[in-house]
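Please look over the sequence and the model before reading on.

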Amino acid sequence: MALSIQSLLILFTTLLLKGTLVVAETCSNCFTHSRAAYYPNSDEQGTDVGACGFGSFGATINGGDVSAVSDLYRNGVGCGACYQVRCTNSNYCSDKGVTVVITDQGSSHDTDFILSQRAFGRMAQTKDAAASLLALGVVDIEYRRVSCSYPNKNITIKIHENSNYPHYFAFVLWYQQGDKDITAVQLFETQNFVCKLLDRSHGAVWTTNSPPSGPLSLRMLLSGEDGDESWIIPVNNIPENWKGGETYDTGVQINV
């Protein structure tokens, strides 16, 4: 029996909604259009005074392919995230572009990204094309979030130099793989299980004015864009007599 006009409309609407859902499900891989500039300093790498608080590590991580961002900074939650960034001028730009790590906050000329000079040039097809891109200063781009990858590296705790044992404890986390954000950190004393939720001081810096005593362990909450959350607990502890400026290997990494 032939379908009525009403039935056909219902069928068409259902198919349209299913198609829309498929697009929405896969759009985590979609590119977003924007603009990018680069740091106007003579150093091809990033800055060691970035807003994320990584220090000199923030200038050299990922081979110096780093970036400042504006809205993607997200009050520091975006620090350490990785993005594939590619410019759109087919005369100069490669299809692959460059993968950058977020280490700073900033904007210029309505940009979402301020890349290191090294990263900006690596969007190009050739060295000559890179020189032409740098001469332009600001270019149209498209970007998407991707997983960070640090082969043979575990998540590492870097105690901030301003930490003062045993009264003030501050640190950042290095080498976080994957595409999830660290949205909360707990610090607990391994013998008496005294637990404390830490504050995000700024950027990627976690702090407490009253750290528990004894050997310490962390719990880190990983949050994905899809709402998925999970806690990760390092294998190795922070020693009882921790010191400012020291680094400690957690013994764990996020599988990607």
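A residue counts as buried under 20% relative accessible area, as exposed over 50%, and as partly exposed in between, with a 1.4 Å probe and protein chains only. The model is predicted, so local features need pLDDT of at least 70 and side-chain atom pairs count only at pLDDT 80 or more, while totals for chains, interfaces and linings use all residues. Residues are numbered from 1 along each chain as its sequence is written, and side-chain values use heavy atoms, with hydrogens and water left out.

A disulfide is taken here as a pair of cysteine sulfur atoms within 2.5 Å. By this rule the chain has three disulfides. Counting bonded cysteines along the chain, the pairing pattern is 1-2, 3-6, 4-5.

| Disulfide | S to S distance |
|---|---|
| C52 to C79 | 2.1 Å |
| C82 to C148 | 2.0 Å |
| C87 to C93 | 2.0 Å |

C52 and C79 are joined by a disulfide with an S to S distance of 2.1 Å. C52 lies in the loop between β1 (32–38) and α2 (57–60), and C79 in the loop between β2 (66–69) and β3 (82–87), so the bond ties together parts that are 27 residues apart in sequence. The torsion about their S-S bond is about -85°, which makes this disulfide left-handed. Both C52 and C79 are buried.

The disulfide between C82 and C148 has its sulfur atoms 2.0 Å apart. C82 sits in strand β3 and C148 in the loop between β6 (139–146) and β7 (156–159), so this pair ties together parts that are 66 residues apart in sequence. Its S-S torsion is about 115°, so the link is right-handed. C148 is buried because its relative accessible area is 2%; C82 is also buried, at 3%.

The disulfide of C87 and C93 is left-handed, with -120° about the S-S bond. C87 and C93 are both buried.

With a relative accessible area of 63%, D128 is exposed. D128 and Y92 are 36 residues apart in sequence, and their C-alpha atoms are 8.6 Å apart in space.

Methods:
Helices (H or I, at least four residues) and strands (E, at least two) are DSSP runs, numbered from the N terminus.
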